[in-house]
Amino acid sequence: GFVEDILRVGLWSTQRELLESIRDHERTAVPSTHSASKSFTSACAALWFGSVWPVGTAQVVTTAPRMRQVKTILWPYIRRLHVAAGLPGVVQTTQWKVGDEIVGFGFSAGDYAEDAAQGLHPSAAIMFLVDEAGGISHTLGRSYMAVLSNPHARLMLIGNPPVDEEGTWFEEQCEKTA
């Protein structure tokens, strides 16, 4: 309802299924081809999650293997949808703020940064979106899984499965959520 009524976005069936999965399940993994609207749909999910919780009680955190991916793939969609819907706050390059509260932000970490997700545990809820998840190392993936300790946590993984390396963290997560 939020995406269609507030963001005024018409959804096709697969987008609706993806958003319902994020709403209903702790973890959602989406392996798909290029240009299949994964990032656009994820931006809709990010704005929904950041809007339904009272300001200061939830956070939307996005990441990708490279900072240029964080800045140029998901966040432009978040900015455009935010402005078009007239949602509260300001969305900058990789940050959404309402007043002094950070509602969402994007970052990238090194492949072996075991502490990458430490400190990401707001008191009420967290949505962690991993874009281009096929490029996330096992070390980072384990770090990102730590956000699921919160009962209102959501982890969304989207990406194109790598074709040159088998047994990646993303492939393992896709098998677990299938």
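**Close-up views of a predicted model**

Arg8 is exposed, with a relative accessible area of 55%, in this predicted model.

**View 1. Arg8, in the loop between helix H1 and helix H2.** The loop that holds Arg8 runs between helix H1 (2–5) and helix H2 (13–24). The phi of Arg8 is near 55 degrees, which is a positive value in a residue other than glycine. Arg8 counts as exposed because its relative accessible area of 55% is over the cut-off of 50%.

**View 2. Glu132, in the loop between strand E6 and helix H5.** Glu132 has a positive phi of about 50 degrees although it is not a glycine, and its loop lies between strand E6 (125–130) and helix H5 (138–145). Glu132 is partly exposed, with a relative accessible area of 22%.

**View 3. Helix H3, a mostly covered helix.** Helix H3 takes in residues 38–52 and reaches 21 Å from its first C-alpha to its last, close to the 21 Å expected at 1.5 Å a residue. Twelve of the 15 residues of H3 are buried, among them Trp48, Phe49 and Leu47, together with Lys38 and Cys44.

**View 4. The protein chain as the setting for these close-ups.** The protein chain has six helices and seven strands, which follow one another along the sequence in the pattern α-α-β-α-β-α-β-β-β-β-α-β-α. Of its 178 residues, 51% count as buried, and the chain exposes about 8,700 Å², of which carbon and sulfur atoms supply 50%. Among contacts between residues at least 6 apart in sequence, 73% join residues at least 24 apart.

How values were computed
Residues are numbered from 1 along each chain as its sequence is written. This is a predicted model: local features need pLDDT of at least 70, side-chain atom pairs count only at pLDDT 80 or more; totals for chains, interfaces and linings use all residues. Side-chain values use heavy atoms; hydrogens and water are left out. Helices (H or I, at least four residues) and strands (E, at least two) are DSSP runs, numbered from the N terminus. The expected span of a helix is 1.5 Å times one less than its number of residues. Buried means under 20% relative accessible area, exposed over 50%, partly exposed in between (1.4 Å probe, protein chains only). Contact means heavy atoms within 4.5 Å. Accessible areas come from the Shrake-Rupley method with a 1.4 Å probe; for residues, only the protein chains shown count as cover.
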